[in-house]
There are 2 protein chains.
Amino acid sequence: MRIGKVAERAGVSVRALRYYEEQGLVIADRSPSGHRQYPESAVERVKFIQLLYAAGLTSKAILQILPFLDTLVATPQMTRRLTDERARIRVRIDALTKAHDRLEELIRLAAEYENSPATCSASADIAASHTSPPRR
Amino acid sequence: MRIGKVAERAGVSVRALRYYEEQGLVIADRSPSGHRQYPESAVERVKFIQLLYAAGLTSKAILQILPFLDTLVATPQMTRRLTDERARIRVRIDALTKAHDRLEELIRLAAEYENSPATCSASADIAASHTSPPRR
DNA sequence: CTAGAACCTCACGTCAACGTGAGGTTCAAG
DNA sequence: CTTGAACCTCACGTTGACGTGAGGTTCTAG
(Lines give C-alpha, C1' and ligand atoms only; values in the text may rest on other atoms or scores of the structure.)
Protein backbone atom coordinates (compact mmCIF):
# COMPACT_ATOMS: atom_id res chain seq x y z
CA MET A 1 0.00 0.00 0.00
CA ARG A 2 1.24 3.49 -0.75
CA ILE A 3 1.50 6.38 1.62
CA GLY A 4 -1.59 8.24 0.47
CA LYS A 5 -3.85 5.29 1.08
CA VAL A 6 -2.38 4.60 4.49
CA ALA A 7 -2.83 8.24 5.40
CA GLU A 8 -6.43 8.20 4.31
CA ARG A 9 -7.30 4.96 6.06
CA ALA A 10 -5.52 5.84 9.27
CA GLY A 11 -6.86 9.37 9.30
CA VAL A 12 -3.53 11.17 9.37
CA SER A 13 -1.61 13.34 6.93
CA VAL A 14 1.03 12.10 4.55
CA ARG A 15 3.47 14.38 6.27
CA ALA A 16 2.71 12.74 9.57
CA LEU A 17 3.55 9.31 8.15
CA ARG A 18 6.89 10.55 6.88
CA TYR A 19 7.51 12.04 10.28
CA TYR A 20 6.69 8.74 11.98
CA GLU A 21 9.20 7.00 9.77
CA GLU A 22 11.78 9.64 10.61
CA GLN A 23 11.13 8.90 14.27
CA GLY A 24 11.46 5.17 13.72
CA LEU A 25 7.84 4.44 14.60
CA VAL A 26 6.92 2.94 11.25
CA ILE A 27 9.20 1.15 8.85
CA ALA A 28 8.28 1.28 5.18
CA ASP A 29 9.65 -0.70 2.28
CA ARG A 30 10.61 1.16 -0.83
CA SER A 31 9.64 0.42 -4.40
CA PRO A 32 12.49 0.50 -6.93
CA SER A 33 11.55 4.07 -7.71
CA GLY A 34 11.74 5.08 -4.08
CA HIS A 35 8.07 5.19 -3.16
CA ARG A 36 7.16 3.92 0.29
CA GLN A 37 5.37 0.60 0.46
CA TYR A 38 3.36 -0.23 3.58
CA PRO A 39 1.88 -3.54 4.68
CA GLU A 40 -1.80 -3.69 5.61
CA SER A 41 -0.86 -3.79 9.27
CA ALA A 42 0.57 -0.28 8.99
CA VAL A 43 -2.92 1.21 9.24
CA GLU A 44 -3.59 -0.32 12.64
CA ARG A 45 -0.10 0.51 13.76
CA VAL A 46 -0.56 4.15 12.86
CA LYS A 47 -3.92 4.26 14.61
CA PHE A 48 -2.26 2.90 17.71
CA ILE A 49 0.45 5.53 17.45
CA GLN A 50 -2.21 8.20 17.16
CA LEU A 51 -3.94 6.81 20.22
CA LEU A 52 -0.77 7.17 22.25
CA TYR A 53 -0.04 10.62 20.87
CA ALA A 54 -3.52 11.68 21.88
CA ALA A 55 -2.78 10.39 25.34
CA GLY A 56 0.18 12.71 25.58
CA LEU A 57 3.04 10.31 24.92
CA THR A 58 6.03 11.58 22.98
CA SER A 59 7.56 9.89 19.95
CA LYS A 60 10.36 8.66 22.14
CA ALA A 61 7.99 7.05 24.63
CA ILE A 62 5.99 5.43 21.87
CA LEU A 63 9.18 4.14 20.32
CA GLN A 64 9.94 2.38 23.59
CA ILE A 65 6.59 0.66 23.61
CA LEU A 66 6.11 -0.34 19.99
CA PRO A 67 8.53 -3.29 20.00
CA PHE A 68 6.12 -5.10 22.28
CA LEU A 69 3.41 -4.92 19.63
CA ASP A 70 5.81 -6.50 17.15
CA THR A 71 7.33 -9.22 19.25
CA LEU A 72 4.90 -9.66 22.14
CA VAL A 73 7.97 -10.40 24.22
CA ALA A 74 7.62 -8.77 27.60
CA THR A 75 10.89 -7.95 29.27
CA PRO A 76 10.70 -6.53 32.79
CA GLN A 77 11.67 -3.12 31.40
CA MET A 78 8.89 -3.34 28.87
CA THR A 79 6.36 -4.17 31.54
CA ARG A 80 7.59 -1.20 33.56
CA ARG A 81 7.35 1.13 30.62
CA LEU A 82 3.80 0.03 29.99
CA THR A 83 2.72 0.44 33.60
CA ASP A 84 4.57 3.76 33.89
CA GLU A 85 2.76 5.20 30.91
CA ARG A 86 -0.52 3.86 32.16
CA ALA A 87 0.12 5.63 35.44
CA ARG A 88 0.92 8.91 33.69
CA ILE A 89 -2.27 8.63 31.71
CA ARG A 90 -4.19 8.06 34.90
CA VAL A 91 -2.72 11.22 36.37
CA ARG A 92 -3.82 13.14 33.29
CA ILE A 93 -7.28 11.68 33.49
CA ASP A 94 -7.52 12.76 37.11
CA ALA A 95 -6.41 16.29 36.25
CA LEU A 96 -8.92 16.48 33.43
CA THR A 97 -11.63 15.11 35.66
CA LYS A 98 -10.93 17.79 38.24
CA ALA A 99 -11.16 20.48 35.61
CA HIS A 100 -14.32 18.91 34.28
CA ASP A 101 -15.97 18.87 37.70
CA ARG A 102 -14.89 22.42 38.37
CA LEU A 103 -16.40 23.60 35.11
CA GLU A 104 -19.55 21.67 35.88
CA GLU A 105 -19.83 23.50 39.15
CA LEU A 106 -19.45 26.82 37.38
CA ILE A 107 -22.05 25.80 34.86
CA ARG A 108 -24.42 25.04 37.71
CA LEU A 109 -23.78 28.50 39.12
CA ALA A 110 -24.41 30.01 35.72
CA ALA A 111 -27.73 28.21 35.42
CA GLU A 112 -28.63 29.35 38.91
CA TYR A 113 -27.86 32.89 37.87
CA GLU A 114 -30.06 32.66 34.82
CA ASN A 115 -32.96 31.57 37.00
CA SER A 116 -32.67 34.40 39.50
CA PRO A 117 -29.92 36.90 38.74
CA ALA A 118 -30.59 39.05 41.78
CA THR A 119 -30.21 36.44 44.52
CA CYS A 120 -26.98 34.88 43.45
CA SER A 121 -24.42 37.11 45.11
CA ALA A 122 -24.32 34.74 48.07
CA SER A 123 -22.84 32.07 45.82
CA ALA A 124 -19.71 34.09 45.23
CA ASP A 125 -17.62 32.32 47.82
CA ILE A 126 -18.75 28.96 46.51
CA ALA A 127 -17.04 29.88 43.27
CA ALA A 128 -13.98 31.25 45.00
CA SER A 129 -13.36 28.73 47.75
CA HIS A 130 -13.23 25.62 45.70
CA THR A 131 -9.58 24.65 45.73
CA SER A 132 -9.11 25.44 49.41
CA PRO A 133 -11.17 24.09 52.30
CA PRO A 134 -14.05 26.38 53.35
CA ARG A 135 -13.10 29.09 55.75
CA ARG A 136 -15.12 30.53 58.67
CA MET B 1 1.76 40.07 48.13
CA ARG B 2 4.77 40.06 45.83
CA ILE B 3 5.32 37.86 42.84
CA GLY B 4 7.73 35.42 44.47
CA LYS B 5 5.31 34.56 47.23
CA VAL B 6 2.41 34.09 44.84
CA ALA B 7 4.56 31.84 42.69
CA GLU B 8 5.55 29.75 45.66
CA ARG B 9 2.04 29.42 47.05
CA ALA B 10 0.45 28.70 43.71
CA GLY B 11 3.18 26.31 42.68
CA VAL B 12 4.21 28.06 39.49
CA SER B 13 7.27 29.96 38.32
CA VAL B 14 7.72 33.70 38.53
CA ARG B 15 8.08 33.72 34.78
CA ALA B 16 4.72 32.02 34.43
CA LEU B 17 3.03 34.74 36.47
CA ARG B 18 4.53 37.45 34.29
CA TYR B 19 3.35 35.51 31.27
CA TYR B 20 -0.18 35.29 32.70
CA GLU B 21 -0.22 39.02 33.17
CA GLU B 22 0.97 39.49 29.60
CA GLN B 23 -1.95 37.33 28.50
CA GLY B 24 -4.39 39.32 30.60
CA LEU B 25 -5.21 36.42 32.88
CA VAL B 26 -4.05 38.10 36.08
CA ILE B 27 -4.00 41.80 36.79
CA ALA B 28 -1.41 43.02 39.28
CA ASP B 29 -1.09 46.37 40.98
CA ARG B 30 2.28 48.03 40.97
CA SER B 31 4.19 49.50 43.88
CA PRO B 32 5.68 52.97 43.29
CA SER B 33 8.96 51.27 42.40
CA GLY B 34 7.29 49.06 39.81
CA HIS B 35 7.06 45.77 41.71
CA ARG B 36 3.90 43.76 41.16
CA GLN B 37 1.43 43.60 44.04
CA TYR B 38 -1.06 40.78 44.17
CA PRO B 39 -4.17 40.37 46.33
CA GLU B 40 -4.58 37.16 48.33
CA SER B 41 -7.13 35.93 45.85
CA ALA B 42 -4.45 35.77 43.17
CA VAL B 43 -3.20 32.46 44.52
CA GLU B 44 -6.53 30.73 43.99
CA ARG B 45 -6.95 32.42 40.66
CA VAL B 46 -3.60 31.14 39.47
CA LYS B 47 -4.39 27.65 40.69
CA PHE B 48 -7.58 27.76 38.69
CA ILE B 49 -5.67 28.92 35.63
CA GLN B 50 -3.26 26.04 36.08
CA LEU B 51 -6.17 23.64 36.33
CA LEU B 52 -7.50 24.80 33.00
CA TYR B 53 -4.07 24.76 31.38
CA ALA B 54 -3.65 21.20 32.56
CA ALA B 55 -6.96 20.39 30.94
CA GLY B 56 -5.63 21.60 27.62
CA LEU B 57 -7.22 25.03 27.39
CA THR B 58 -5.26 27.83 25.77
CA SER B 59 -4.64 31.24 27.30
CA LYS B 60 -7.24 32.65 24.97
CA ALA B 61 -9.90 30.18 26.07
CA ILE B 62 -9.11 30.77 29.72
CA LEU B 63 -9.33 34.50 29.15
CA GLN B 64 -12.86 34.03 27.87
CA ILE B 65 -13.88 32.13 30.98
CA LEU B 66 -12.21 34.09 33.75
CA PRO B 67 -14.63 37.05 33.75
CA PHE B 68 -17.28 34.72 35.09
CA LEU B 69 -15.19 34.03 38.16
CA ASP B 70 -14.94 37.75 38.77
CA THR B 71 -18.48 38.86 38.14
CA LEU B 72 -20.51 35.63 38.40
CA VAL B 73 -22.68 37.12 35.71
CA ALA B 74 -23.65 34.42 33.26
CA THR B 75 -24.42 35.67 29.80
CA PRO B 76 -25.62 33.08 27.29
CA GLN B 77 -22.24 33.23 25.54
CA MET B 78 -20.51 32.59 28.83
CA THR B 79 -22.68 29.57 29.50
CA ARG B 80 -21.90 28.28 26.04
CA ARG B 81 -18.20 28.76 26.50
CA LEU B 82 -18.32 26.86 29.74
CA THR B 83 -20.28 23.97 28.32
CA ASP B 84 -18.14 23.92 25.18
CA GLU B 85 -14.97 23.60 27.16
CA ARG B 86 -16.51 20.97 29.36
CA ALA B 87 -17.41 19.02 26.23
CA ARG B 88 -13.86 19.28 24.89
CA ILE B 89 -12.50 18.05 28.17
CA ARG B 90 -14.87 15.11 28.05
CA VAL B 91 -13.58 14.22 24.61
CA ARG B 92 -10.04 14.30 25.93
CA ILE B 93 -10.96 12.16 28.90
CA ASP B 94 -12.50 9.63 26.56
CA ALA B 95 -9.40 9.55 24.38
CA LEU B 96 -7.19 9.10 27.41
CA THR B 97 -9.45 6.40 28.75
CA LYS B 98 -9.20 4.51 25.50
CA ALA B 99 -5.43 4.70 25.59
CA HIS B 100 -5.48 3.65 29.22
CA ASP B 101 -7.61 0.60 28.50
CA ARG B 102 -5.47 -0.33 25.53
CA LEU B 103 -2.33 -0.16 27.62
CA GLU B 104 -4.02 -2.19 30.32
CA GLU B 105 -4.75 -4.87 27.79
CA LEU B 106 -1.13 -4.92 26.70
CA ILE B 107 -0.04 -5.13 30.30
CA ARG B 108 -2.29 -8.14 30.72
CA LEU B 109 -0.65 -9.75 27.73
CA ALA B 110 2.76 -8.98 29.14
CA ALA B 111 1.86 -10.62 32.44
CA GLU B 112 0.51 -13.59 30.57
CA TYR B 113 3.80 -13.84 28.72
CA GLU B 114 5.78 -13.76 31.92
CA ASN B 115 3.76 -16.67 33.24
CA SER B 116 4.22 -18.89 30.22
CA PRO B 117 6.35 -17.40 27.47
CA ALA B 118 6.02 -20.40 25.16
CA THR B 119 2.23 -20.58 24.90
CA CYS B 120 1.50 -16.97 24.13
CA SER B 121 1.85 -16.81 20.40
CA ALA B 122 -1.88 -17.40 20.03
CA SER B 123 -2.51 -14.04 21.67
CA ALA B 124 -0.85 -12.18 18.84
CA ASP B 125 -4.04 -11.26 17.04
CA ILE B 126 -5.59 -10.10 20.28
CA ALA B 127 -2.90 -7.46 20.37
CA ALA B 128 -3.26 -6.62 16.71
CA SER B 129 -6.98 -6.63 16.17
CA HIS B 130 -8.04 -4.24 18.83
CA THR B 131 -9.10 -1.14 16.96
CA SER B 132 -10.96 -3.01 14.26
CA PRO B 133 -13.74 -5.56 14.74
CA PRO B 134 -12.57 -9.18 14.71
CA ARG B 135 -12.23 -10.65 11.26
CA ARG B 136 -13.06 -14.17 10.09
C1' DC C 1 25.57 51.31 54.59
C1' DT C 2 26.29 47.38 52.17
C1' DA C 3 25.59 42.89 50.27
C1' DG C 4 22.71 39.58 48.50
C1' DA C 5 18.03 38.38 47.54
C1' DA C 6 14.21 39.64 44.92
C1' DC C 7 12.41 42.34 41.53
C1' DC C 8 12.21 44.69 36.78
C1' DT C 9 12.22 44.71 31.35
C1' DC C 10 13.60 43.16 26.96
C1' DA C 11 14.30 39.53 23.95
C1' DC C 12 16.00 35.28 22.16
C1' DG C 13 15.77 29.98 22.97
C1' DT C 14 13.10 25.57 23.48
C1' DC C 15 10.44 21.53 22.26
C1' DA C 16 7.26 18.55 19.69
C1' DA C 17 4.51 17.24 15.96
C1' DC C 18 3.77 18.32 12.31
C1' DG C 19 2.45 22.37 8.12
C1' DT C 20 4.04 24.31 4.05
C1' DG C 21 6.24 25.50 0.01
C1' DA C 22 10.14 24.54 -3.45
C1' DG C 23 11.78 21.93 -6.95
C1' DG C 24 11.91 17.65 -9.07
C1' DT C 25 10.44 12.43 -10.30
C1' DT C 26 7.04 8.69 -11.02
C1' DC C 27 2.64 6.69 -11.80
C1' DA C 28 -1.83 5.82 -14.09
C1' DA C 29 -5.58 7.08 -17.07
C1' DG C 30 -7.09 8.53 -21.54
C1' DC D 1 2.37 10.26 -25.17
C1' DT D 2 0.89 13.45 -22.32
C1' DT D 3 -0.89 15.33 -18.28
C1' DG D 4 -2.34 15.65 -13.75
C1' DA D 5 -2.29 13.21 -9.46
C1' DA D 6 0.70 11.24 -6.28
C1' DC D 7 5.14 10.70 -4.72
C1' DC D 8 10.00 12.15 -3.37
C1' DT D 9 13.63 15.07 -0.52
C1' DC D 10 15.24 19.06 1.69
C1' DA D 11 14.45 22.60 4.77
C1' DC D 12 12.32 26.49 6.91
C1' DG D 13 7.83 27.97 9.48
C1' DT D 14 4.30 27.42 13.25
C1' DT D 15 2.31 27.33 17.89
C1' DG D 16 2.05 27.75 23.08
C1' DA D 17 3.73 28.20 27.49
C1' DC D 18 6.99 29.19 29.28
C1' DG D 19 12.96 28.86 30.23
C1' DT D 20 16.93 31.48 30.30
C1' DG D 21 20.28 34.83 30.32
C1' DA D 22 21.54 39.99 30.09
C1' DG D 23 21.75 44.08 32.25
C1' DG D 24 19.91 47.01 35.59
C1' DT D 25 16.96 48.62 39.99
C1' DT D 26 14.92 47.88 44.63
C1' DC D 27 14.32 45.79 48.95
C1' DT D 28 15.79 44.09 53.42
C1' DA D 29 18.67 42.00 57.02
C1' DG D 30 22.67 42.78 59.69
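Student: Which residues does Arg36(A) touch, not counting residues up to four places away in sequence?
Tutor: Arg36(A) touches Met1(A), Arg2(A), Ile3(A), Arg18(A), Glu21(A), Ala28(A), Asp29(A) and Arg30(A). Contact here means heavy atoms within 4.5 Å. The model is predicted: local features need pLDDT of at least 70 and side-chain atom pairs count only at pLDDT 80 or more, while totals for chains, interfaces and linings use all residues. Residues are numbered from 1 along each chain as its sequence is written, chains are lettered from A and ligands numbered from 1 in the order in which they are written, and side-chain values use heavy atoms, with hydrogens and water left out.

Student: What makes the pair Arg36(A) and Glu21(A) a polar contact?
Tutor: The term needs a pair of N or O atoms within 3.5 Å; within protein, one must be able to donate a hydrogen and the other to accept it, and residues adjacent in sequence count only if both atoms are side-chain atoms. The side chains of Arg36(A) and Glu21(A) are joined at 2.4 Å, so the pair qualifies.

Student: Where in chain A is the place of Arg36(A)?
Tutor: Arg36(A) belongs to strand 2, residues 36–37.

Student: Which residues count as closest to DNA strand D?
Tutor: Gly4(A), Arg36(A), Ser13(B), Ser33(B) and Ser59(B), out of 22 that surround DNA strand D. A residue is near a strand if one of its heavy atoms lies within 4 Å of it. Of the atoms of DNA strand D that come within 4 Å of the protein, 75% are sugar and phosphate. Helix 2 of chain B gives the most to this surface, with 4 residues.

Student: What is found around DNA strand C?
Tutor: There are 21 residues, of which Ser13(A), Ser33(A), Ser59(A), Gly4(B) and Arg36(B) come nearest. Sugar or phosphate makes up 74% of the atoms of DNA strand C within 4 Å of the protein, and bases the rest.

Student: Which side chains of chain A lie at a phosphate oxygen of DNA strand C?
Tutor: Among them are Tyr20(A) at 3.0 Å, Ser33(A) at 2.8 Å and Ser59(A) at 2.7 Å. Two or more residues of the surface near DNA strand C come from each of helix 2 (14–22) of chain A and helix 1 (3–10) and helix 2 (14–22) of chain B. Helix 2 of chain A has the largest share, 4 residues.

Student: How is the area between chain B and chain A stated?
Tutor: The two chains bury about 3,900 Å², 77% of it on carbon and sulfur atoms. Buried area is the accessible area (1.4 Å probe) that two parts lose on being put together, summed over both. In chain B, Leu72(B), Leu96(B) and Leu103(B) lose the most, together 16% of what that side buries. By contact, 43 residues of chain B meet 43 of chain A.

Student: Why is the pair Arg90(B) and Glu104(A) called a salt bridge?
Tutor: The rule asks for a side-chain nitrogen of Lys or Arg within 4 Å of a carboxyl oxygen of Asp or Glu. The closest N and O atoms of Arg90(B) and Glu104(A) are 3.7 Å apart, so the pair passes. Across the interface the rule finds 4 salt bridges.

Student: Which elements make up the side of chain B that touches chain A?
Tutor: Those giving two or more residues are helix 3 (41–54), helix 4 (59–71), helix 5 (76–115) and helix 6 (124–128). Helix 5 gives the most, 24 residues.
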